Amino acid sequence: MSYCSRVTLDASDYQASRLMRNISLNSYREHQALWKLFPDDPNAERDFLFRADKKPLQRLFYVVSQRQPIAGEGWLVESKLYKPAISEGQMLAFTLRVNPIVTRKDGTGKRQRHDVVMDEKHTINFSQLAHDKRPAMPELIQTSGRKWLLSRSDKYGFEIAEQEVTVESYDQHQITTRGSSKPIRYSTMDLLGVVRVTDVERFTASLLSGIGPAKAFGCGLMMVRRL
């Protein structure tokens with residue numbers, strides 16, 4: 001059984017306002033705060049996806065979970081059962097926030113993760129190109145984001161045309177976590193477009209389990225709607 005929830009912190013509530021300041025600009029703190037809405041099994045591993053929608057006086061989260069979240073002090077939780085009715089060949093509009101990385105082997109054979117935009121610059125030898133031949137950063141972002149999603153579409157049970165994907169935003173983040181002396185650096189992309197379902201089982205699993213890494217930082221939740 002799965003749930004789809006709309007979870008809100010409202011700054012007009014004193015406790016919510018304090019919590020908003022505490023988790024501000026730190027996706028991992030958002031993850032920890034949301035985890036407290038699942039108090040029934042403190043030993044459970046993370047079994048939810050989330051995406052933050054940050055507004056000036058409100059913090060809104062979309063959550064897909066295996067357990068139903070329970071409203072805590074300062075929280076408003078609206079939940080419903082989530083049973084995606086998907087059929088093969090169905091066309092769906094989507095939005096998706098991802099941590100777009102590729103894995104390459106270095107000179108020693110060790111696998112290293114790379115941000116796709118930086119990897120694209122390396123692939124085209126960006127620094128060696130004449131200035132008038134270098135693609136602009138917005139073009140690099142669109143190209144690398146589209147390639148990243150297209151290369152994974154079969155794994156997640158859909159197909160997509162390159163022209164049907166838009167990178168709406170690209171951001172680099174740096175956060176610190178308790179007990180760690182080094183900051184965590186990662187990037188996110190917000191993608192939107194249209195997909196065609198090719199494998200119902202795999203696509204449904206992607207909606208429930210997420211796409212790509214960094215799910216603890218609010219990545220991986222694909223939100224879809226019928227055209």
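Predicted model: local features only at pLDDT ≥ 70, side-chain atom pairs only at ≥ 80, totals over all residues.

Modeller: Residues are numbered from 1 along each chain as its sequence is written, and side-chain values use heavy atoms, with hydrogens and water left out.

Biologist: What makes up the secondary structure of the protein?

Modeller: The protein has 5 helices and 11 strands. Helices (H or I, at least four residues) and strands (E, at least two) are DSSP runs, numbered from the N terminus.

Biologist: How do you know whether the radius of gyration agrees with that of a compact globule?

Modeller: The radius is taken over C-alpha atoms, and the globule rule is 2.2 Å times the number of residues to the power 0.38. For 227 residues a compact globule would have a value near 17 Å; the protein has 19 Å, which agrees. The C-alpha trace spans about 55 × 45 × 35 Å along its principal axes.

Biologist: Why is Gln90 called buried?

Modeller: Buried means under 20% relative accessible area, exposed over 50%, and partly exposed in between (1.4 Å probe, protein chains only). Gln90 has 13%, so the residue is buried. Gln90 lies in the loop between E4 and strand E5 (91–98). Leaving aside residues up to four places away in sequence, Gln90 touches Ala85, Val195, Arg196, Val197 and Arg226, where contact means heavy atoms within 4.5 Å. Across the protein, buried residues make up 43% of the 227 residues.

Biologist: What angle do helices H3 and H4 make, and why is H3 given its description relative to H4?

Modeller: Helix H3 (residues 116–123) and helix H4 (residues 137–152) pack at about 105°, with their axes 9 Å apart. Angles of 65 to 115 degrees count as roughly perpendicular, under 35 as roughly parallel, over 145 as roughly antiparallel and the rest as oblique; H3 is therefore roughly perpendicular to H4. Among the residues making the contact are Val117 and Glu120 of H3 and Leu140 and Trp148 of H4.

Biologist: What makes strand E1 a partner of E3?

Modeller: Two strands pair if DSSP finds at least two bridges between them. Strand E1 (residues 3–10) is joined to strand E3 (residues 58–65) by 8 bridges, and the two run antiparallel. Arg6 stands opposite Tyr62 in E3. E1 is also joined to strand E4 (residues 75–81), again antiparallel, by 7 bridges, and Val77 in E4 is the bridge partner of Val7.

How values were computed. Axes fitted to C-alpha atoms, helices over the stretch in contact; angles between N-to-C directions.
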